[in-house]
Amino acid sequence: MQRTGGAWSPDVFAECDPFTPEPLAAFRKAAEDTVLAAAGDGVRVMVVRPGLIWGPGDHGHVPMVYRSVATTGAAACVGPGLNTYSHVHIDDVTRLFTLALAGGRAGGLYQAVAGETPNRWIAERVAADLGVEVRSRTPGEAAGVWGEFGALVMAASSRIRAVDSRRELGWHPERTDMLTMIGKARLRALSA
C-alpha cells in the first residue's frame with residue numbers, strides 16, 4: 001500500500017519485487033518473512049498475499065463507498081480518486097489456497113489478484129446506482145467519513161500482480177470485475 005492521497009501510482013509489484021512496506025503494515029511483512037524463513041529449516045511453508053478481497057460479506061471499498069452515501073449524501077472518493085487497488089474475489093482466493101496446499105513449493109510467495117479498479121470508478125458506479133453525485137474529499141474530510149484508518153485505505157494505492165501464482169500453480173481467477181457487485185441489495189442497504 002502506498003499513500004497517494006487519492007492520486008494515481010504507476011507502481012505495481014509482483015511477488016518477489018522489493019518494496020518498502022507502509023509503516024502501519026510493516027508487521028505483516030515481518031510476519032511473512034518469519035514464515036518464509038522457516039522453509040530454510042525444512043518446513044513446508046508458503047505465504048498467500050491477496051489483494052483487496054471482494055464478494056459476499058466483504059467490507060472493502062465498494063461497501064465503504066455505499067456507506068459514504070449514508071453519511072454524506074454523495075458517493076465519496078479521496079482527492080481525484082485515481083488511486084487503484086488490485087482486487088480478487090473470495091472464491092478465487094480459496095481456489096489459490098487449494099492449489100498452493102496441493103502443489104505450492106516450500107517458501108513460495110503467492111499473490112492473489114484478478115483485476116484493479118480506481119476508487120473514482122467505484123464512486124461513479126455507486127452514484128449512478130443510487131442517483132447521487134460523486135464528491136471528492138480531502139484526506140481530512142475522508143477521516144470524517146470513514147475514520148482515520150479507513151481514510152488512509154481509501155486514499156492509498158496498492159497494485160500487485162500474481163505472476164508466480166499463475167506460472168507455478170496454474171491459478172487463473174474467474175471473477176475479474178469487482179464492479180459487478182454494484183447494485184446488490186446488501187450494498188444498497190448500506191447507503192440508507
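1. In this predicted model, helix H2 (61–72) passes H5 (139–155) in a left-handed crossing, where left-handed means that the near helix is turned anticlockwise from the far one by less than a right angle, and right-handed that it is turned clockwise. Helices here are DSSP runs of H or I with at least four residues and strands are runs of E with at least two, numbered from the N terminus.

2. The axes of H2 and H5 come within 12 Å and cross at roughly 140°, which makes H2 oblique to H5. Axes are lines fitted to C-alpha atoms, for helices over the stretch in contact, with angles from 0 to 180 degrees between N-to-C directions; under 35 degrees counts as roughly parallel, over 145 as roughly antiparallel, 65 to 115 as roughly perpendicular and the rest as oblique.

3. On the H2 side, the contact with H5 (heavy atoms within 4.5 Å) involves His61, Met64, Val65, Ser68, Thr71 and Thr72, and on the H5 side Val145, Trp146, Gly150, Val153 and Met154. These residues divide into six nonpolar, five polar and no charged, with Ala, Val, Leu, Ile, Met, Phe, Trp, Tyr, Cys and Pro taken as nonpolar, Asp, Glu, Lys and Arg as charged, and the others, Gly among them, as polar.

4. H2 also packs against helix H4 (residues 119–130), the axes coming within 10 Å and crossing at roughly 50°, so that H2 is oblique to H4 as well, and this crossing is right-handed. The contact joins His61, Val62, Val65, Tyr66 and Val69 of H2 to Asn119, Ile122, Ala123, Val126, Asp129 and Leu130 of H4; by class it has eight nonpolar, two polar and one charged residues.

5. Residues are numbered from 1 along each chain as its sequence is written. As the model is predicted, local features need pLDDT of at least 70 and side-chain atom pairs count only at pLDDT 80 or more, whereas totals for chains, interfaces and linings use all residues, and side-chain values use heavy atoms, with hydrogens and water left out.
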